[in-house]
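Me: Please take a close look at the aromatic ring pairing here. Then set that part against the rest of the chain.

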Amino acid sequence: MAERAAELDFDEFDVVFNAAHMLRQASLNEAAERQYERAASLRPDYPAALMNLGAILHLNGKLPEAEANYLRALVLKPDDAITQSNLRKLWNIMERQGLRTKQKADP
């Protein structure tokens with residue numbers, strides 16, 4: 001139902017963002033990712049949309065994409081402790097997998 005609501009009101013940020021949350025809580029991560037992407041495109045300067053997109057990409061194993069969204073969120077809200085923590089965890093995973101990170105300094 002959440003996905004259907006988001007399809008009907010595809011340009012209404014609150015509907016799309018809430019649908020993404022519901023899909024993530026239902027462990028429908030691919031569908032949640034699509035809705036978080038849509039939410040972030042509707043409000044590209046809203047840190048929570050970028051952080052949540054980063055988090056679902058992180059869960060879905062799309063690590064460089066997750067990193068990019070976490071970093072964009074931190075540009076907008078540099079003191080966000082949850083995003084900082086998620087980014088540190090992501091960097092640890094990426095480094096263990098031999099992936100290059102955009103880490104310059106610990107946020």
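Reply: **Ring pairs and their setting**

Among the contacts in the protein with a separation of 6 or more, 44% join residues 24 or more positions apart. Contact here means heavy atoms within 4.5 Å. The model is predicted, so local features need pLDDT of at least 70, side-chain atom pairs count only at pLDDT 80 or more, and totals for chains, interfaces and linings use all residues. Residues are numbered from 1 along each chain as its sequence is written, and side-chain values use heavy atoms, with hydrogens and water left out.

The protein has six helices and zero strands. Along the sequence the pattern reads α-α-α-α-α-α. Helices (H or I, at least four residues) and strands (E, at least two) are DSSP runs, numbered from the N terminus.

Now the rings. Rings of Phe, Tyr and Trp (its six-membered ring) pair if their centres lie within 6.5 Å; planes under 30 degrees apart are stacked, over 60 edge-to-face, and the rest tilted. That rule gives four aromatic pairs. One of them joins Phe17 and Tyr36: the centres are 6.0 Å apart and the planes stand at 75°, so this pair is edge-to-face. Phe17 sits in helix 2 and Tyr36 in helix 3, 19 residues apart, and the pair links distant parts of the chain.

Phe17 also pairs with Tyr46. Here the centres lie 6.1 Å apart with planes at 75°, so the pair is edge-to-face. Tyr46 belongs to the loop between helix 3 and helix 4, while Phe17 is in helix 2, so parts 29 residues apart in sequence are tied together. Ring pairs link Phe13, Phe17, Tyr36 and Tyr46 into a cluster.

How covered are these rings' residues? Buried means under 20% relative accessible area, exposed over 50%, and partly exposed in between (1.4 Å probe, protein chains only). Tyr36 is buried at 0%. Phe17 is buried at 10% relative accessibility. Tyr46 is partly exposed, at 33%. Across the protein, buried residues make up 39% of 107.

A nonpolar core is a set of buried Ala, Val, Leu, Ile, Met, Phe, Trp, Tyr and Cys residues joined through side-chain atoms within 4.5 Å. The largest one has 26 residues, and Phe17, Tyr36, Leu53, Tyr70, Leu87 and Leu90 touch the most other members. Helix 2 (13–25), helix 3 (29–42), helix 4 (47–59), helix 5 (63–76) and helix 6 (81–96) each supply at least two residues. Helix 4 gives the most, with seven.

Take Tyr70. Leaving aside neighbours within four places in sequence, Tyr70 contacts Met51, Gly54, Ala55, His58, Thr83, Asn86, Leu87 and Leu90.

Last, the annotation. In the model, residues 47–80 are 79% helix and 0% strand, and the end C-alpha atoms lie 9 Å apart.
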